[in-house]
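Student: Could you take me closely through one part of this model, the open sheet and what lies against it? I would like the criteria stated along the way.

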Amino acid sequence: MSKPLIGVILGAVLGVIDGLTAWFTPAVRNELFGIVIGSTIKGIIAGIAIGFFAKKFHSLPIGILFGVLVGAFLAWLVAFMQGGYYFEIILPGTLVGLIVGFATQKYGTPVEAN
Amino acid sequence: MRWLSDDKLNRLRSVVSEAEFSATKYTFVKELGRGGMGAVYLAEDRELDRLVAIKILNTPALTEDLGNRMIREAQIIAGLEHPGIVPVHDVGTLADGRIFYAMKYVRGSRLDEYAAQGASLRDRLRKFQSVCDAVAFAHAHGVIHRDLKPQNIMIGSFGEVLVLDWGVAKIRDDPRSSAVYQTGDGTVIGTRNYMSPEQARGENDQLDERADIYSLGAVLSFLLNDQPKVSKVANAIAAKAMASAKESRYTTASELSSDIARLLDAEPVSAYRENAFERVSRWVGKNRFLVLLVLAYLLMRIFLIFTSRS
């Protein structure tokens with residue numbers, strides 16, 4: 001499987017899970033659907049960015065670092081737009097970025113040079 | 001009657017064991033080893049000024065025809081140009097009529113010595129895989145080794161693996177091959193602990209690649225023997241290679257090599273049918289870091305749920 005495809009799939013799956021966990025926070029339970037959609041889109045965007053980065057740079061530590069930065073930045077953006085829940089959004093978002101960064105470098109098929 | 005002193009006796013023994021290379025371009029240096037089929041000597045090639053290993057076969061070429069066949073075989077073996085097969089430089093006849101092969105002198109350790117030095121299971125399997133690849137190459141060129149054992153496998157000083165001693169090899173589909181040693185069915189060729197049942201019964205006409213695969217299984221079994229933690233899968237691979245019925249063994253050495261590669265990569269192997277629990281354990285073992293990351297993520301999620309509630 002190509003690195004961007006792994007990034008997109010993993011980003012989307014983890015994004016959905018990430019969004020669904022909002023159900024455990026009663027204050028935002030009414031907005032669950034919107035949160036899941038937003039979280040999934042965030043995961044897909046992070047997955048695409050991390051996947052294409054992994055396609056370009058074949059290094060596990062750099063891939064993980066990039067994943068952490070992208071995950072943290074996108075999560076911060078969401079928290080900023082929400083105007084709160086910084087810790088609850090940025091921490092999981094960062095970890096999702098780390099996982100996607102690791103998986104794309106480790107399991108993605110490198111593109112063969114022509 | 002006068003008794004000879006020990007010193008004189010030892011001197012006589014060493015003179016008798018020295019090979020007579022007078023009719024060749026080689027100078028005897030020392031004996032490297034001795035087996036049932038012959039002895040291997042370290043000698044100096046005076047023309048090229050280098051050391052070579054010379055194997056002298058015990059049986060003389062009784063007739064010109066037999067000698068020619070053996071030389072032809074040596075030519076075929078010399079044609080096996082592979083990084084895992086020790087190259088044959090020269091073949092000839094000594095003054096007493098015995099046939100000799102001159103081979104590259106490999107500096108390093110024999111596989112049994114390498115294992116005794118405490119090589120890890122993973123390293124042993126990697127070396128074994130290289131042996132399988134070399135044997136598969138020979139098989140693809142119609143050559144069956146017939147005497148594969150740890151003592152005939154060298155680990156060179158650069159870590160390279162070399163299969164030695166092709167002196168009793170059989171050329172497939174050639175009924176006249178190695179006639180000096182075969183003398184038809186009934187003559188046992190090889191090393192008892194490493195030979196297939198059909199080889200032990202002396203069914204030389206029936207021998208095919210699967211006889212070597214049995215020997216490879218025995219070599220693998222030797223490598224696994226002193227290891228404290230050997231997986232069921234590794235043992236299953238050795239057992240399949242060493243099946244009594246040759247139909248139950250791996251068909252080719254490449255198949256055996258592929259199973260070793262899959263074992264090293266924690267992939268399922270053809271020799272072992274794993275249950276669901278073993279499949280999951282293998283996957284988790286292979287993807288330990290990813291599993292740890294996902295667990296960390298879930299733990300963090302649980303932590304956040306509890307902190308948000310409190």
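Tutor: Three bridges join strand E8 (residues 153-156) of chain B to E9(B), and the two run antiparallel; strands here are DSSP runs of E with at least two residues, helices are runs of H or I with at least four, and both are numbered from the N terminus, while two strands pair if DSSP finds at least two bridges between them. This is a predicted model, in which local features need pLDDT of at least 70 and side-chain atom pairs count only at pLDDT 80 or more, whereas totals for chains, interfaces and linings use all residues. Residues are numbered from 1 along each chain as its sequence is written, and chains are lettered from A and ligands numbered from 1 in the order in which they are written.

Within this pairing, B:Ile153 stands opposite B:Val163 of E9(B). Helix H4 (residues 121-140) of chain B packs on the sheet, where it touches E8 and E9 of chain B, contact being a distance within 7 Å between C-beta atoms placed from the backbone. The direction of H4(B) makes about 40° with that of E9(B); axes are lines fitted to C-alpha atoms, for helices over the stretch in contact, and angles run from 0 to 180 degrees between N-to-C directions.

The sheet as a whole is open and has three strands of chain B in the order E6-E8-E9, with antiparallel pairing. Its edges are strand E6 (108-110) and strand E9 (161-163) of chain B, each of which pairs on one side only. On average, neighbouring strands of this sheet are turned by 25° against each other, direction ignored.

Key:
Two residues are in contact if their C-beta atoms, placed from the backbone, lie within 7 Å.
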